[in-house]
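Please keep the sequence and the structure in view while reading.

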Amino acid sequence: MEEKLRKNMLDQLVEQRKQSLKAIGGKPCSLFIRHLDCGSCNACEMELNALTNPIYDAAQWGIHFEPSPRHADILALTGIYVRSLDRAARSTLEAMPVPRIVTIGDCAKSEEEFQNSYAIIPYPDEVRKAIIAHVPGCPPSPEKILQALFTMANLISK
Ligand code: SF4
């Protein structure tokens with residue numbers, strides 16, 4: 001039953017990708033993602049990693065993980081925003097050709113919940129301004145992440 005459900009979800013993703021490519025004139029488009037863990041429990045990372053396995057195989061749709069921010073279209077940010085990662089996040093953004101962030105997982109949206117902690121800080125302005133989308137969930141499923149990335153790929157290729 002679970003396998004059937006997964007197959008249906010994958011079929012829907014394939015259909016969605018075909019439709020979204022049609023909407024931008026069928027031209028091929030790609031998306032290069034730099035990922036930065038800003039204080040996650042690692043479950044969001046596991047779901048992100050699943051995009052590269054043979055089931056989801058994001059590369060078949062032109063979605064790739066990119067180690068260098070200089071070649072990245074978007075920065076995928078996971079976890080609550082911790083003080084010790086602030087500099088890394090800002091340096092990564094500065095190195096990107098166009099600063100764009102997609103936050104992944106509920107932690108990345110829950111700044112106010114941990115305001116009394118020394119270790120956790122609100123997003124600085126340059127980071128907040130660069131956020132263009134959020135994928136909710138704890139953690140979000142690979143299907144949800146892929147759907148958001150398809151939308152990003154289309155937006156960026158227009
Ligand atoms: S949103 Fe959930 S799964 Fe993702 S880092 Fe936070 S606690 Fe972990």
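Which residues does L149 touch, not counting residues up to four places away in sequence? L149 touches L31 and I63, where contact means that the C-beta atoms, placed from the backbone, lie within 7 Å. The model is predicted, so local features need pLDDT of at least 70, side-chain atom pairs count only at pLDDT 80 or more, and totals for chains, interfaces and linings use all residues. Residues are numbered from 1 along each chain as its sequence is written.

L149 also belongs to the largest nonpolar core, which has 34 residues. Such a core is a set of buried Ala, Val, Leu, Ile, Met, Phe, Trp, Tyr and Cys residues joined through C-beta atoms within 7 Å. I63, I74, A76, L77, I104 and L149 touch the most other members. Among the elements giving two or more residues to this core are β1 (31-37), β3 (74-78) and α5 (142-157), and α5 supplies the largest share, 6 residues.

| State in α3 | Residues |
|---|---|
| Buried | A89, T92, L93 |
| Exposed, on the other side | S84, R87, A88, S91, E94 |

Seen down the axis of α3, the buried residues fall within an arc of 95 degrees, so they line one face of the helix. Their cover includes β1, β3 and α4.

Around the ligand lie residues including S40, C41, D106 and P139. By class, this shell has 6 nonpolar, 4 polar and 1 charged residues.

Note on methods:
Near = placed C-beta within 6 Å. Nonpolar A, V, L, I, M, F, W, Y, C, P; charged D, E, K, R; others polar. Buried ≥ 20, exposed ≤ 12 C-beta atoms within 10 Å, placed from the backbone. Helix = DSSP H or I, 4+ residues; strand = E, 2+ residues; numbered from the N terminus. Contact = placed C-beta atoms within 7 Å. Arc of directions from axis to C-beta.
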